[in-house]
Amino acid sequence: MDQTHLKNHSTQPSLTAVKTNDLNQTVLSEKDILELIYQDKWQYVKNCIVDSNDIANIFNTRVTENKDNFELLPLNQNDGIGRDLFDQKNRESWYMPEKYKQFDIENYILGLAETPKEKQRVELELTLFKSHAMIDVLKFLKYMVDTMRSNGIIWGVGRGSSVASYVLYLLGVHKVNSIKYDLDPTEFLR
């Protein structure tokens with residue numbers, strides 16, 4: 001039986017640099033973890049220690065809150081990364097073309113608002129997005145919607161509390177006009 005097609009599919013994790021701690025346990029960076037998950041090699045992630053306890057704690061909290069079927073990650077004893085740095089590192093690792101990273105999303109969205117009521121709502125929501133450090137999320141959503149439209153991908157009408165955001169409606173993330181239905185934007189951004 002010809003097995004040449006198996007040569008590129010290693011059973012070992014593909015990592016940038018394998019580090020170990022004093023107990024000879026594998027310590028993975030956030031990038032390594034994402035790379036393994038994308039390669040569908042979760043078995044290597046669940047048996048490792050991550051290089052940041054905050055990353056592990058946030059992951060473990062989300063798994064617990066969402067009742068996911070993932071195992072919790074063990075904690076590393078030496079850690080110093082904070083939540084803001086964790087979020088910043090995650091945003092830096094998103095794939096998004098440079099033109100979207102530099103895009104003035106605030107002025108773009110304000111330009112989509114036609115009436116004084118719409119402009120007031122957009123200003124309020126943008127203030128909320130800024131207070132939650134989520135302007136980069138809006139840029140990414142603009143990129144995502146543009147990409148889906150250009151590739152003829154269909155997505156849902158709207159789901160959950162996101163439909164309370166008029167800004168997301170203007171971006172095309174969902175089809176529910178939250179002003180028309182008098183939905184409170186704080187339902188989405190608490």
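**Helix packing, confidence and aromatic pairs in a predicted model**

In this predicted model, helices α6 and α7 run roughly antiparallel to each other, because their axes cross at roughly 155 degrees and angles over 145 degrees count as roughly antiparallel. Helix α6 spans residues 105-112 and helix α7 spans residues 116-131, and their axes come within 9 Å. The crossing of the two helices is right-handed. On the α6 side, the contact is formed by Glu106, Ile109, Leu110 and Leu112. Helix α7 contributes Glu118, Lys119, Val122, Glu123, Leu126 and Lys130. By residue class, the contact of α6 with α7 comprises 5 nonpolar and 5 charged residues, with no polar ones.

The mean pLDDT of the chain is 77, and 65% of its residues reach 70 or more. Of the chain's elements, α6 has the highest mean pLDDT, at 97, whereas strand β3 (residues 49-50) has the lowest, at 58. For residues 1-13 the pLDDT is below 50. This stretch has 7 contacts in the model beyond near neighbours in sequence. Where pLDDT is low, predicted coordinates should not be read in detail.

Aromatic pairs were also examined. The structure contains 7 of them. One of these is formed by Phe140 and Tyr143, with an edge-to-face arrangement. The ring centres of Phe140 and Tyr143 lie 5.8 Å apart, and the angle between their planes is 65 degrees. Both residues belong to helix α8 (residues 135-150). Phe140 and Tyr143 are separated by about one helical turn because they lie 3 residues apart in this helix.

Definitions and conventions. Residues numbered from 1 in each chain as written. Predicted model: local features only at pLDDT ≥ 70, side-chain atom pairs only at ≥ 80, totals over all residues. Heavy atoms only, no water. Axes fitted to C-alpha atoms, helices over the stretch in contact; angles between N-to-C directions. Helix = DSSP H or I, 4+ residues; strand = E, 2+ residues; numbered from the N terminus. Parallel < 35°, antiparallel > 145°, perpendicular 65-115°, else oblique. Left-handed = near helix turned anticlockwise from the far one by under 90°. Contact = heavy atoms within 4.5 Å. Nonpolar A, V, L, I, M, F, W, Y, C, P; charged D, E, K, R; others polar. pLDDT = per-residue confidence, 0-100. Phe/Tyr/Trp six-rings, centres within 6.5 Å; stacked < 30°, edge-to-face > 60°.
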